[in-house]
Amino acid sequence: MLHPIGILGGTFDPIHYGHLRLAEEMLELANLQQIRFIPTGIPSHRTTPQVSAQQRSEMVKLAIAEQPAFVLDEREVQRSSKCYTVDTLRELRAEVGEHQPLCLLMGGDAFLQLHTWHEWEALFELAHIVVGYRPGFTIEERIESAPQILREQYQNRLCAASQLQQQTHGGIAVLGIPKLEISATVIRSRVAEQRSIRYLLPGSVAEYIYENHLYQHANY
Ligand code: ATP
């Protein structure tokens, strides 16, 4: 049986220990062979105007350098047109073949917005979805107030992490993962206010931020 490949997309503006711990825990708990970090391409309303996609990507490369199971995938950064996760997954599926389990990884906050994603229901035909959630809790109570379409998919597809290897796509697994209270937004504002960002993200990424004068202005 093939171990699943994990996919972690994000703006990574900048990448921080919240992302890295999420990935490390998922690698272990879902028995993944590899995690591909895919920084989003075209700047959206969520990215910082003075930081380029290439710089966000460079910071991911620095952050994951010491973990051989983490791989930078620059396909979205290199694309000139707007790209949706569903298109990226279609490309990946074509590359890895139909027998390889794929897992789209995300935090609980991202999962609860999944129904707003472009062609979101097609995601289940391409990959499993693996959600990091507070240990000891289920998403159950928060999904109550989510739209019925998302609730139904959740209820029909919920599976254990151990089942992710048995199918190539279509499951939803929720893993208990402590969420570190770190966000890219907080890091950007701290840099702009000349406050310390030490221990919130790898030192190599902090150095890159200072050397390149990123996030100097408070337009986060
Ligand atoms: P911002 O502060 O700009 O909103 P962010 O830190 O939330 O950014 P994203 O790049 O948007 O980072 O997130 C990518 C993925 O990482 C999402 O699935 C999100 O749920 C997850 N994530 C972000 N921060 C954390 C964290 N502290 N702990 C666990 N997961 C996280």
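Ile 35 stands opposite Phe 70 in β3. The strand β2, residues 34–39, is joined to β3 by 3 bridges, and the two run parallel. Strands here are DSSP E runs of at least two residues, helices are H or I runs of at least four, and both are numbered from the N terminus. Two strands count as paired if DSSP finds at least two bridges between them.

A word on the source. This is a predicted model, in which local features need pLDDT of at least 70 and side-chain atom pairs count only at pLDDT 80 or more, while totals for chains, interfaces and linings use all residues. Residues are numbered from 1 along each chain as its sequence is written, and side-chain values use heavy atoms, with hydrogens and water left out.

Now the sheet. It is open, with 6 strands in the order β3-β2-β1-β4-β5-β6 and parallel pairing. At the edges are β3 (70–72) and β6 (172–176); each has a single partner strand, so one side of each has no neighbour in the sheet. From one strand to the next, the twist averages 30 degrees.

Next, the helices. Helix α1, residues 17–29, lies across β1 (5–10), β2, β3, β4 (102–107), β5 and β6, and runs at about 150 degrees to β2. Helix α2, residues 53–64, packs on the sheet and touches β1, β2 and β3, its direction making about 160 degrees with that of β3. Angles run from 0 to 180 degrees between N-to-C directions, with axes fitted to C-alpha atoms, for helices over the stretch in contact. Contact means heavy atoms within 4.5 Å.

On to the cores. A nonpolar core is a set of buried Ala, Val, Leu, Ile, Met, Phe, Trp, Tyr and Cys residues joined through side-chain atoms within 4.5 Å. Buried means under 20% relative accessible area, exposed over 50%, and partly exposed in between, with a 1.4 Å probe and protein chains only. The largest core has 39 residues, and Ile 15, Ile 35, Phe 37, Met 59 and Ile 209 have the most contacts inside it. Its largest share, 5 residues, comes from α1. Beyond its neighbours within four places in sequence, Met 59 is in contact with residues including Pro 14, Val 51, Tyr 208 and Leu 214. Apart from this core lies another, of 27 residues, among them Leu 89, Leu 102, Leu 104 and Ala 146.

Last, His 128, which lies in β5, residues 128–133. His 128 is buried, at 2% relative accessible area. Leaving aside neighbours within four places in sequence, its contacts include Leu 102, Leu 104 and Gly 170.
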